[in-house]
Amino acid sequence: MQQMSPATVPMPTTMQGMQGVGFPREESYIENILRLNRGKPGTFYFSFDNAVAGSNTRAVRGVVEAAGRDHVILRDLKNNHRFLFPMIYFDYAEFDEELSYFTQQP
């Protein structure tokens, strides 16, 4: 069996997520919007199906430190705690200032 070195592996002829020549296509998913607004203060709301003790909702007053496809890392502004929340529990966010968003093109 012949092994291929990295230099001989065929490259795809098109790239997903690319539009036009060299310009990335807008990906307006929640995690991308949260990443664009890292460090901006806000309140983030989450709901849980199986609450362990008490309420099945949680509000965190803080800033986004990082966001991925399935999670967000928030830093609480009051006590500097950090939270890792799965995005499946994310409801919505209220920011204190104007949000950064993708350039809107027709």
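## The open sheet

Five strands, paired antiparallel, make up an open sheet in the order β6-β5-β4-β3-β7, strands being DSSP runs of E of at least two residues, numbered from the N terminus, and pairing requiring at least two DSSP bridges between two strands. Because β6 (82-86) and β7 (90-95) stand at the edges with a single partner strand each, one side of each has no neighbour in the sheet. With direction ignored, neighbouring strands of this sheet are turned by 45° against each other on average, where the axes are lines fitted to C-alpha atoms.

Strand β4 (residues 57-67) and strand β5 (residues 71-76) run antiparallel and are joined by five bridges; alanine 66 has isoleucine 73 in β5 as its bridge partner.

## Basis of the model

This is a predicted model, in which local features need pLDDT of at least 70 and side-chain atom pairs count only at pLDDT 80 or more, whereas totals for chains, interfaces and linings use all residues. Residues are numbered from 1 along each chain as its sequence is written, and side-chain values use heavy atoms, with hydrogens and water left out.

## Aspartate 76

Aspartate 76, which lies in strand β5, is buried (under 20% relative accessible area, 1.4 Å probe, protein chains only).

The side chain of aspartate 76 does reach the backbone nitrogen of lysine 78, at 2.7 Å. Leaving aside residues up to four places away in sequence, aspartate 76 touches Arg61, Gly62, His81 and Phe83, with contact meaning heavy atoms within 4.5 Å.

Notes:
Helices (H or I, at least four residues) and strands (E, at least two) are DSSP runs, numbered from the N terminus. Axes are lines fitted to C-alpha atoms, for helices over the stretch in contact, and angles run from 0 to 180 degrees between N-to-C directions. Buried means under 20% relative accessible area, exposed over 50%, partly exposed in between (1.4 Å probe, protein chains only). Lys and Arg count as positive and Asp and Glu as negative; His and the chain ends are not counted. A salt bridge is a side-chain nitrogen of Lys or Arg within 4 Å of a carboxyl oxygen of Asp or Glu. A polar contact is a pair of N or O atoms within 3.5 Å; within protein, one must be able to donate a hydrogen and the other to accept it, and residues adjacent in sequence count only if both atoms are side-chain atoms.
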